[in-house]
Structures are given as structure tokens and as C-alpha cells.
Amino acid sequence: FLHDLDARPDARGAGIGQALLDAAIAWAREAGLPRLELWAVAGRPRVAGWYRRNGFATSYECLSLPLG
């Protein structure tokens with residue numbers, strides 16, 4: 001499971017996120033994992049599109065109920 005992949009706003013667009021994602025995918029493959037999963041925050045289609053361009057696909061939907 002990939003959790004919290006982010007770059008500082010002033011560093012975005014420099015390829016840091018792509019390098020981190022590429023490293024995570026390579027590590028998962030080398031470890032023999034059957035898949036790599038992540039959560040993309042709803043309402044950020046640009047981010048979700050980036051993951052899709054890197055081969056990720058929607059496999060299920062997670063619904064949340066704020067309690068406070």
C-alpha cells in the first residue's frame with residue numbers, strides 16, 4: 001500500500017513525485033508483491049489522472065463518514 005506521496009508546492013513539476021512513484025513501483029516488483037494500492041483523495045482529478053497515466057486503475061470505492 002502506498003501512503004502519502006507528496007512534494008512541497010514549490011517543488012512540484014520537477015519530477016520528484018514521478019521519481020518517488022517509480023522507486024515505489026520498482027521496490028514492489030522486486031519484493032514480488034502482486035499489486036500496489038493507494039488511495040487518491042476525491043475531488044483531485046489531476047492527481048487521480050496522474051496515477052492512471054502511471055498504470056493505476058480504480059478497483060473499489062472507499063466511502064467515509066465524518067464523525068466530528
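Predicted model: local features only at pLDDT ≥ 70, side-chain atom pairs only at ≥ 80, totals over all residues.
The chain comprises 68 residues, of which 19% count as buried, and its secondary structure consists of 2 helices and 0 strands. Taken along the principal axes, the C-alpha atoms fill a box of roughly 40 × 35 × 20 Å.

The largest nonpolar core of the model contains 9 residues, namely L2, L21, A24, I25, A28, L36, L38, Y51 and F56. Helix α1, which spans residues 16-30, supplies the largest share of this core, with 4 residues. One member of the core, A28, is in contact with L33 and L36 when its neighbours within four places in sequence are left aside; of these two partners, L36 also belongs to the largest nonpolar core.

As for charged side chains, the structure holds 2 salt bridges. In one of them, D10 is paired with R8, and the closest N and O atoms are 3.0 Å apart. D10 has a relative accessibility of 60% and therefore counts as exposed, and R8, at 58% relative accessibility, likewise counts as exposed. In the other salt bridge, the side chains of R35 and E37 meet at 2.9 Å, taken from N to O. Here R35 counts as exposed because its relative accessibility is 55%, whereas E37, with a relative accessibility of 25%, counts as partly exposed. The threshold for an exposed residue is over 50% relative accessible area, while a buried residue has under 20%, so a value of 25% falls in between.

The space left open around the protein atoms was examined next. Rolling a probe the size of a water molecule over the atoms shows where empty space is left. The largest pocket has a volume of about 850 Å³ and is lined by 29 residues, with L38, W39, A40, A57 and T58 lying nearest its centre. The elements that contribute two or more residues to this lining are α1 and α2, the latter spanning residues 45-53. Helix α2 provides the largest share of the lining of the largest pocket, 4 residues. By class, the residues that line the largest pocket divide into 17 nonpolar, 6 polar and 6 charged. L38, one of the residues nearest the centre of the largest pocket, is also a member of the largest nonpolar core.

The lining of the second largest pocket has 13 nonpolar, 5 polar and 6 charged residues.

Taken together, the model presents a chain with 2 helices and 0 strands, a largest nonpolar core of 9 residues to which helix α1 gives the largest share, and 2 salt bridges.

Conventions. Residues numbered from 1 in each chain as written. Heavy atoms only, no water. Core = buried A, V, L, I, M, F, W, Y, C linked by side-chain atoms within 4.5 Å. Buried < 20%, exposed > 50% of the residue type's maximum accessible area, 1.4 Å probe, protein only. Contact = heavy atoms within 4.5 Å. Salt bridge = Lys/Arg side-chain N within 4 Å of Asp/Glu carboxyl O. 1 Å grid on protein atoms, 1.4 Å probe; cavity = no way out; pocket = protein on both sides within 12 Å on 5 of 7 lines; lining within 4 Å. Points joined across faces, edges and corners; volume = space filled by probe spheres on them. Nonpolar A, V, L, I, M, F, W, Y, C, P; charged D, E, K, R; others polar.
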